[in-house]
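Colleague: I'd like a close look at one part of this model, with the cut-offs spelled out as you go.

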Amino acid sequence: MATVTETDLPETFAELLDRIGHVPPERIRLRPPLGTATEKDVLAALEAADKRLYELVDGVLVEKPMGTKESYIAFLIAHQIQLFVAQHDLGIVLPGDGALRLRLGLVRIPDFCFIPWDRLPPEGELLPGAIASIVPMLAGEVLSESNTKTEMARKLKDYFGAGVQIVWMIDPKTETAMVYTSATRGRSIGKDGVLEGGKVLPGFTLPLKDLFARTRRRKRRSS
Amino acid sequence: MASVADAAAPETFAELLQRIGNVPLERIRLRPPPGTATEKDVIAALEAADKRLYELVDGVLVEKDMSEESSILAGILVGLLWNFVAPRKLGWVYPADGAVRLFPGLVRIPDVSFLRRDRVPDGKRPKAPFIGLVPDLAVEVLSPANRAGEIKRKLRDYFLAGIRVVWVINPRARACDVYTAPDRKKRYSAGQPIDGGDVLPGFQFTLKELMDRAE
């Protein structure tokens, strides 16, 4: 097992970066050594006193950057989806520290995601195991400063490769979003645009203006 | 043992890069994984069919950068040194595949190095995969892919291990820096003669001489 992952490792660090996307070096963990990390390490980091989010890609732990504002935006979206999903009894919503095994050795942590009932166990525990082997229908990422284009391209490939149907990438800097329906097909949603549930969540709408308005102080309504 | 190394190991790749001196990423080998490489891996690469020069720094294999220019200049300098050293039986001159174990787990490959015979216990050349003793003189000929941080770290390693003089030749700047400590250097322009000092008394060359011969 160990030797298999070792030979999977590219020859140089430059090649590794090409493969996992050009993640800043400070987000690439070296303990355990590159290429030898497993799900156990993802869990140990999640459960540590200084809880950290690491995704597992090709045996490498890649830290997931999460600023306070990004975290809040992810929560707001997850909350809106949850209201809709609960009302129509469609499935469950996970917030931004739900690690998912997309395939063996590939653990991603979407900032939010929606999993319909038919992708969950028919009875008993919905999310068995510490890292559930469940592929969401919709996954969302709120971009941080240190996310790079190639990193997100790799992530899209992973999501769609595993069976995700729609991916939202929210850019808090420009207050816009990209809606992907495949790793290479994306549609941009402008500041005045609306996130729509499409085939996955028909009827769900979230205007970006409303979303970002909630990240700024509003005048209190007088009662 | 492993846990001791782990404790000292950097946590992220950024820390590792800083420690080894911002070496270009394509020169950092990932097999075996950084932090776990040993002297055996250096020897295996040296003896492989597609012989490669890797230095071993903090458990990381770093490929030694060689450009055509640095290679030819180093070769000429090896020749000049041998012409001086051989008739006087002063010691041994190694070209750029003479790996030196500076400390256990720290292997460097100077472009040129010289080991004095009188430092070797019975005056016989030690035979081992690595140069048997830390040399007296090390020479680095810079190539465009070398980084300042990398050379700085290398100088620190050399002097900590007991190398007495390091010549850093910069062909682009047409200058050679003679270091007698990591932070003590004297710069020589191409035409200024550089002498062997205490390590090779009587030896002298100029960078211009090397460069002219390379034409």
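Which residues does Ile28(A) touch, not counting residues up to four places away in sequence?

Modeller: Quick housekeeping: this is a predicted model, where local features need pLDDT of at least 70, side-chain atom pairs count only at pLDDT 80 or more, and totals for chains, interfaces and linings use all residues. Residues are numbered from 1 along each chain as its sequence is written, chains are lettered from A and ligands numbered from 1 in the order in which they are written, and side-chain values use heavy atoms, with hydrogens and water left out.

Now, Ile28(A). Taking contact as heavy atoms within 4.5 Å, and skipping residues up to four places away in sequence, Ile28(A) touches Phe13(A), Leu17(A), Ile20(A), Val23(A), Leu34(A), Val60(A) and Leu61(A), plus Glu11(B), Thr12(B) and Phe13(B) from the other chain. Ile28(A) is also, with Leu34(A) and Phe13(B), among the residues with the most contacts inside the largest nonpolar core, which has 62 residues. Such a core is a set of buried Ala, Val, Leu, Ile, Met, Phe, Trp, Tyr and Cys residues joined through side-chain atoms within 4.5 Å; buried means under 20% relative accessible area, exposed over 50%, partly exposed in between (1.4 Å probe, protein chains only).

As for the interface, 20 residues of chain A are in contact with 20 residues of chain B. The two chains bury about 1900 Å² between them, 62% of it on carbon and sulfur atoms; that's the accessible area (1.4 Å probe) that two parts lose on being put together, summed over both. In chain A, Glu11(A), Leu30(A) and Arg31(A) lose the most area to chain B, together 36% of what that side buries.

The rule finds four salt bridges across the interface, each a side-chain nitrogen of Lys or Arg within 4 Å of a carboxyl oxygen of Asp or Glu. Glu11(B), which Ile28(A) touches, pairs with Arg29(A) at 3.0 Å, N to O. Glu11(A) meets Arg52(B), also in a salt bridge (3.0 Å, N to O). Glu11(A) lies in the loop between α1 and α2 of chain A and Arg52(B) in the loop between α3 (39-47) and β1 (54-57) of chain B, so the pair joins two chains. Those labels are DSSP runs numbered from the N terminus: helices (H or I, at least four residues) and strands (E, at least two). Glu11(A) is partly exposed at 23% relative accessible area, and Arg52(B) is partly exposed at 24%. Arg52(B) also forms a salt bridge with Asp50(B), the closest N and O atoms being 3.7 Å apart.
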